[in-house]
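Please open the structure in your viewer and keep the selection tool at hand. The tour below moves from one selection to the next and says what is there.

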Protein chains: 4
Amino acid sequence: MNEVRVGMVGYKFMGKAHSHAYRDLPMFFPNAPRPVQKVICGRNEADVKTAAVQLGWEEAVTDWRELVVRSDIDLVDINAPSDAHKEIAIAAAKAGKHLFCEKPLALTLADAKEMLAAAEAAGVKHMVGFNYRFAPAVQLAKKLIDDGRLGRIYHFRAAFLQDWILDPDFPLVWRLDRNVAGSGAHGDLGAHLIDMGRFLVGEMTEVVGMSETFIKERPLPSSMTGLSAKGSANKVKGPVTVDDATLFMARFGCGALGSFEATRFAGGHRCTNSFEINGSLGSVKFDFERMNELQVYFTGDDPDVQGFRRVLATDPAHAYSEAWWPPGHTIGYEHTFIHETLELLEALQENRQPVPNFHDGVLCQAVLEAVERSIDEKRWVRLDEM
Amino acid sequence: MNEVRVGMVGYKFMGKAHSHAYRDLPMFFPNAPRPVQKVICGRNEADVKTAAVQLGWEEAVTDWRELVVRSDIDLVDINAPSDAHKEIAIAAAKAGKHLFCEKPLALTLADAKEMLAAAEAAGVKHMVGFNYRFAPAVQLAKKLIDDGRLGRIYHFRAAFLQDWILDPDFPLVWRLDRNVAGSGAHGDLGAHLIDMGRFLVGEMTEVVGMSETFIKERPLPSSMTGLSAKGSANKVKGPVTVDDATLFMARFGCGALGSFEATRFAGGHRCTNSFEINGSLGSVKFDFERMNELQVYFTGDDPDVQGFRRVLATDPAHAYSEAWWPPGHTIGYEHTFIHETLELLEALQENRQPVPNFHDGVLCQAVLEAVERSIDEKRWVRLDEM
Amino acid sequence: MNEVRVGMVGYKFMGKAHSHAYRDLPMFFPNAPRPVQKVICGRNEADVKTAAVQLGWEEAVTDWRELVVRSDIDLVDINAPSDAHKEIAIAAAKAGKHLFCEKPLALTLADAKEMLAAAEAAGVKHMVGFNYRFAPAVQLAKKLIDDGRLGRIYHFRAAFLQDWILDPDFPLVWRLDRNVAGSGAHGDLGAHLIDMGRFLVGEMTEVVGMSETFIKERPLPSSMTGLSAKGSANKVKGPVTVDDATLFMARFGCGALGSFEATRFAGGHRCTNSFEINGSLGSVKFDFERMNELQVYFTGDDPDVQGFRRVLATDPAHAYSEAWWPPGHTIGYEHTFIHETLELLEALQENRQPVPNFHDGVLCQAVLEAVERSIDEKRWVRLDEM
Amino acid sequence: MNEVRVGMVGYKFMGKAHSHAYRDLPMFFPNAPRPVQKVICGRNEADVKTAAVQLGWEEAVTDWRELVVRSDIDLVDINAPSDAHKEIAIAAAKAGKHLFCEKPLALTLADAKEMLAAAEAAGVKHMVGFNYRFAPAVQLAKKLIDDGRLGRIYHFRAAFLQDWILDPDFPLVWRLDRNVAGSGAHGDLGAHLIDMGRFLVGEMTEVVGMSETFIKERPLPSSMTGLSAKGSANKVKGPVTVDDATLFMARFGCGALGSFEATRFAGGHRCTNSFEINGSLGSVKFDFERMNELQVYFTGDDPDVQGFRRVLATDPAHAYSEAWWPPGHTIGYEHTFIHETLELLEALQENRQPVPNFHDGVLCQAVLEAVERSIDEKRWVRLDEM
């Protein structure tokens, strides 16, 4: 397999990030199969045609049903709003296409399971877009844990803090509509934290959550404009049907205690996707706003020079780094997608499932939904209930 | 009232901190009543005599019952282990002495209420030692909130992280014995976070908690040595009867969501007593390891220069700072006790209750105990149940 | 002008960075003329052919003399080692090609002036690759200064700290050979600082420098491997003929004092390209290792909340940012080249000189050479001597 | 020797810092000789009497000539303005008193040498007040260097940045008058940097400097108020006769390159007394605004976890720390004076010269003056010229 022909559904924020990954990957990872940007799909014909030109796709179409069955496509990449994931994925699986789906995998756990079953039944490869795993600094954290250099894990403390809807006049975009987005901060941001916790510390066994929608009504938007919408003067308001913030606590199977917080109401935090892990032999801290850095502490350091080390994960010793620039020359958000895509392409080449895949999507969804049940029923919920 | 004659019970860590406060205060706050270090009390006669000389007390005694009734004492300062607070405080109140009691006020909410009732019945002044309120940077946070400069508060996120018992061979000191300490990280560290939350954001209405003792047994200590004990080679072990870590979530009466974590198992954190508050108009962040600094963010800053400001709270505009050194010359841990003592002495002079007082001690204890009940019964607990 | 056909000489570190800029630019800045990667040139035929494929060039050649006269080329992009810049640039100018030359422009001021004269005589556009100007955080610093928000500038304090040759066994690569590289840390790193100082504060009037080669001899390299060379076991050594570190002080025409340090011997600093500027109304700080951030201080802030603000230059209010990702989603090193290329392409479109151009290259070279003269003659050197 | 009877001249900023050191020392270092605060001296009788009460001195006098000959005084502590140091020190030495003199030792190198000669002739002990050496984090840097853990030193990079006279209306206090203060930022702040460089890296061999007075005239002050003076509305102005900022470069005898900057015009820096040292095996960074921290880097760390460690110098492994509070509980500015005084008292007890002493004062003065000569004559000046 020398190339992988991609058909992509969706062309907004994630569509742009994925397109860029396809474009850049061969320059930096020339030994991987080459992704071919065959066809892009969106509902608005004019917009998707413009996107195709800008984002480098050979062809633009408006009907994803047509796209998923095309014989010149190997992989279907699903970046549509969350409520459309399931139907597209299942159809594509049935057509024998490999799947690359943005997170959250689905609106419900049942849907996610159905998607996984369809992919497995079809025998295709499937990946879910938890891109933050692929920051070199996060890969370093993973390596330290896997190598036992942090010892037994006691704590996982994660917060994804944003502030883009802090203004009460920020309009009611689709991400604030439960029917389309499934949930708010919880599914959008919390899903990343959950995946990070699972990736680094393992499965959780029980959770208890708390949630709030601080601003109950917002001006209706004049147009759907993703994260870049500005405060609106529209006097007609509609109800916000998702959470502005969701917090939960969890126990991990390994005995660690977990603390999770996802909010869009943390002023001053544009995109603080952060975690800290404390183990018996050391600790690590990560903040996506400084994504090239991992703070690392070892209890075994000489007593007079113990302290968190600010490791810039741009050295040859760090994942992916030799493909890029010399040490100290940092990379950015978009690179997580390139590395993620590399994993997908290499898995296709090696005829194995990429990681994270729909199993991870399902397990993440189970935690999301357990937290929601915990909030609804105001009690601890065990994951094995799900 | 030009001077206040103090009798102090306890001479270890807190005894030293309080003694120093009495000693230094007149040099920096010459207009406050002058504390007179009359008599210090401890169980071990030789040790307390040595302490008296070193810490500057006129006299040393071994029986606190004798101390609390002395006519040459105005104020009884209680730094004994937590299980002794109640009896001493009530006896001192009955003898008409003003009270200054370290936190946590008592081992139980019932005890704390009894202490408050005794103090009120006696008509004496009473203070509880939540010293961290008195860091100038914390006072700045309080001022910003009170002045409305952070707007409506959405989030309070607090963690008190330490690592002094991370070594499984660290011995079983009194702070790890429920009968003496009441609880572990929860009462020792969490109490400070709760007080901080109450001070800055207000009362909580309900909580749900989670707790763990990671190391169930530890070597018996050869001697009681507080925080300075080293790893022990003692092969005889005893059970740890307090929590190593306690986390809880809370709702505040004002609508804010609270997240609290207290642990002694966070490697690399010697004393990270930290909080962040997010409001509709701004945010603040504090970490006691950099106690002279408050990070401050305003949503109203010009769009191109928004960001957390690192404010060094050593300017004339900051509380207490003019008493100390020029701007940029920082102060340390011990200064929180000097400011705390200043509040106490000024309250005595002005014939008002100091703040925080036993009411605060009781309300803090109510939260501590609500969390414990929540953990025992594995459910949300409302504060009005307590 | 809808597209610009590029011929590029050199395909190592800078060749890769430039190639990537050409590739990515149209996706993010679709309104700019489209760069067409026509032909790449290198001395080693096999290597340059491989590079052409990986980096996306239509054609590979080995003779730059052939390249610069091709009629299907509009722009010659010069990334060859510094000693080759002059000859290529002059030949390309004579052939009527626009010029894009990496820094330092030349090995000597005389050469640089000759290159500028040739470009001007030919009436072509010319740009020099001071890419760090194009970090959004640096653009913000420039804007604050230009808008007068920092007031009168008193200090410019810059350091470019690296550590890649700290190991005495690091081999004698071309960057350590004066005949090829011109100078060491001074021309490689110091040139960037000088350009930054000129960009932000203006022209200097006099300088005094100091320089050192700490490791006088190094193992000969087995192959030329740029920055990625490892410690060598080669027992045959050769002399290091460039500076390991160069420091200088300067006076600016505006009255500000400048401090400059370039070193490759600062352990722990992979790529700390940093500066601080202090003005009468405010200050800014930048460190390339956290290139998305600018620290900003205003003397006019309210007295109780004065402090450096950590501004993440990823908001819509910041240069280039709307082309990329939502606020808080950072970019990396390579993006400086994309923005730099954008300036070049827009200048070509608008028929104006891009900035920085060969004038800037000459003025930078004048400072570099004044510092060298100052070191040689151990005295202050005025720029008007040059 | 169980106690040392002190007579102190001066009662403003330094007088307060020294008084506090005498007061606190016995509580934390009970094994050292006990300082006895016998007599304080100042020119204004009412003020010095008030100071005596507040600062804890037994007696107040107005004539230092009387003080230095008193038989009940062992040590004369000189905190008067710099122009008075010499006369007092020589008189006290002749009277057989030990000497503790604030920095800078004198207004000129000749004066400093005369003071040293007088002290040596009298056979008394002499100390000079370079208090910053005594921060535990600085002591750690010293230990790392002395133990060879940083290897061969290549760079010393120091800056003492303040901003208290940034306002052009800040009045013409004594520190801005050459006749009293000797110099401005150079002698006040630069002296500390020079001492730090000498302490950590060794003697310098040659220097070249640059200096500026940005604001040439300032309002005359209504009263002399040290660092706490506010902007003045006084329309009568006088000339500023000292430097606002002085920078210099130096070569150390060990081969290291030094960079020094002292300024009072760095907005946002209240008291950034900072240095960085780069050696062949590691680096350290210090900033007094976070004085409990030392950043430490080792080249020998595992390749994937290299980075500056933030060491909080409050552990038992750190100098002085066990006398204070548990790990993570920080100390402040005033503690440097307590540690400095401890060195003095222990030296008296052990009948040895304390360090730093007048030799250090002289050698610091030599560098200060070499820099001044370098500025006056606009050339490099060798220390052996001095």
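How many bridges join β2(D) to strand β3 (residues 59-61) of chain D, and do these strands run parallel or antiparallel? Three bridges join them, and the two strands run parallel.

Before going further, note that this is a predicted model, in which local features need pLDDT of at least 70 and side-chain atom pairs count only at pLDDT 80 or more, while totals for chains, interfaces and linings use all residues. Residues are numbered from 1 along each chain as its sequence is written, and chains are lettered from A and ligands numbered from 1 in the order in which they are written.

**Stop one: chain D**

Select residues 3-9 and 34-41 of chain D, which are strands β1 and β2, and you will find them running parallel and joined by seven bridges. Strands here are DSSP runs of E with at least two residues, helices are runs of H or I with at least four, and both are numbered from the N terminus; two strands pair if DSSP finds at least two bridges between them. Within this pair, D:V6 stands opposite D:Q37 of β2(D).

Right-handed is said of a crossover if, with the strands pointing away from the viewer, the path from the first strand over the helix to the second runs clockwise.

Returning to β3(D), look for D:V61, which has D:C41 opposite. From β2(D) the chain passes through helix α2 (residues 45-55) of chain D to reach β3(D), and this β-α-β crossover is right-handed.

**Stop two: chains B and C**

Next show chains B and C together, where the contact takes 15 residues from each of these two chains; residues are in contact if their C-beta atoms, placed from the backbone, lie within 7 Å. On the side of chain B that touches chain C, strand β16 (residues 307-312) of chain B gives the most, with six residues. This β16(B) pairs with strand β16 (residues 307-312) of chain C in the antiparallel sense over five bridges, and B:V311 stands opposite C:G307.

**Stop three: chain A**

Finally, colour chain A by its domain 1 (3-132) and domain 2 (136-290 + 292-331 + 364-377), whose bounds come from an automatic or database domain assignment. Their centres, taken over C-alpha atoms, are separated by 24 Å. The contact between them takes 17 residues from domain 1 and 22 residues from domain 2 of chain A.
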